[in-house]
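Hi there,

Here is the structure I promised to pass on to you. Have a look at it first, and my notes on what turned up follow below.

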Amino acid sequence: MHKKQQIVGHLIALFTVFIWGTTFVSTKVLLEEFTPVEVLFTRFAIGLLVLYMMNHKKMKLKDRKHEWYFIGAGITGITLYFLFENIALTYSTASNIGILLACVPFMTGILSYFIMKEPLNRAFFIGFVFTIIGIYIINFNGQVVLKLNPLGDFLAIIAGFIWALYCIFLRKIEQYEYDTIQTTRRIFGWGILFMIPVLILMGYDPKLEIMAKPVYLANFLYLGIGACAVCFVTWNIALKMLGVVKTSMYLYLNPVITIIASAIILNERITWIAILGTIFILLGLIISQQGAQGSKKEMQKKNEDA
């Protein structure tokens, strides 16, 4: 049963990352008429509404202290991560941001090691190196020179660290065995609440007439229902089944999914360089997953011996 659960967890994580990896198309369309903050707020507002429709029962906390974990998850995973990522893109290149955000699984693994005591071994670090090489090849199309943009690159690193913290908060919440949909709904609520001051400062115009146009409405629904309501729930489920480290490693696949989506949706040509980068990423993911599995078995053996 445990092995079957692991397989289901891997499939759920893969599904989640696949959807997240295709959202760039919808976001690109929406940014023609809406600001990044407007897109961000609207998609999560739609997501929150859908989650209430999925489960409208009032959530009862088992301990008031648990609220701090929900607040932390809302601030990190909903508000700060996306804001820092969007701001970083205005100061640095998409290629730089892609490379730096690819470090998220690595950051998550390190934090999990120190905070959650989840084991790591040499394969985890080797897999990370392979993946970074692959993502570098894809993002820079074989160019050797990496142009640094200190402010934007620093903000991207902060964004990656923030997402790693979000996964840690989720792991802590999971230990208390709350309903997954209610958990995600509560996190969304806090995230949107902390987003309001930003909306006030940067301005928010719902532009309902433009939003009602089929092309924009369809993309908002895709982001709100698919990428937010559904995928944040499935990500939480994957974390429960696989743990923080193994689930986060699937984020390595984002560049690969982007290439495939670009080829299918935008008719972009897949180059041999992209194929080479994809091979490195897949090798890195496989090595890292094997490393995480091996570390888990070693930890279980030590506990049994103790």
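**A nonpolar patch on the surface**

F15, L217, L221, I225 and V230 together make up a nonpolar surface patch with about 360 Å² of accessible area. For patches, residues need over 30% relative accessible area and no salt bridge; nonpolar side chains (Val, Leu, Ile, Met, Phe, Trp, Tyr) are joined within 5 Å, and like charges within 9 Å. The areas come from the Shrake-Rupley method with a 1.4 Å probe, and for residues only the protein chains shown count as cover. Helix α10 is the biggest contributor to the patch, with four residues. I225 belongs to α10, and its relative accessible area of 34% makes it partly exposed. (Buried is under 20% relative accessible area, exposed is over 50%, and partly exposed lies in between, with a 1.4 Å probe and protein chains only.)

Before you go further, please keep in mind that this is a predicted model: local features need pLDDT of at least 70, side-chain atom pairs count only at pLDDT 80 or more, and totals for chains, interfaces and linings use all residues. Residues are numbered from 1 along each chain as its sequence is written, and side-chain values use heavy atoms, with hydrogens and water left out.

**The overall picture**

The protein chain has 13 helices and zero strands. Helices (H or I, at least four residues) and strands (E, at least two) are DSSP runs, numbered from the N terminus. Of its 306 residues, 50% count as buried.

Just beyond α10, G243 adopts a positive phi of about 95 degrees.

**Aromatic contacts**

How many aromatic pairs does a search of the whole structure find? The count is 26. Rings of Phe, Tyr and Trp (its six-membered ring) pair if their centres lie within 6.5 Å; planes under 30 degrees apart count as stacked, over 60 as edge-to-face and the rest as tilted.

One of the pairs is F34 with F220: the ring centres are 5.1 Å apart and the planes are at 80 degrees, so this is an edge-to-face pair. F34 sits in the loop between α1 (2–30) and α2 (36–54) while F220 is in helix α10, so the contact ties together parts that are 186 residues apart in sequence. Both F34 and F220 are buried.

F44 and F232 make an edge-to-face pair too, at 5.6 Å centre to centre and with 75 degrees between the planes. Here F44 in helix α2 is linked to F232 in helix α10, 188 residues apart. F44 and F232 are both buried. They also belong to one aromatic cluster, along with W20, Y81, F82, W163, Y166, F188 and W235.

The charged end of K62 sits over the ring of Y178, 5.3 Å from its centre, and that of R186 sits over the ring of F70, 5.8 Å from its centre. The criterion is NZ of Lys or CZ of Arg within 6 Å of the ring centre and within 35 degrees of the ring normal.

**Salt bridges**

Across the whole structure the search finds three salt bridges, each defined as a side-chain nitrogen of Lys or Arg within 4 Å of a carboxyl oxygen of Asp or Glu.

- E38 and K207 meet at 3.5 Å, N to O. E38 lies in helix α2 and K207 in the loop between α8 (180–202) and α9 (208–211), 169 residues apart. E38 is buried at 4% relative accessibility, whereas K207 is partly exposed at 23%.
- E67 and R186 meet at 2.8 Å, N to O. This bridge links helix α3 (residues 67–91), which holds E67, to helix α8, which holds R186, 119 residues apart. E67 is buried at 15%, and R186 is partly exposed at 23%.
- E174 and R171 have their closest N and O atoms 3.2 Å apart. They are three residues apart in helix α7 (residues 150–174), so about one helical turn separates them. E174 is partly exposed at 23%, while R171 is buried at 18%.
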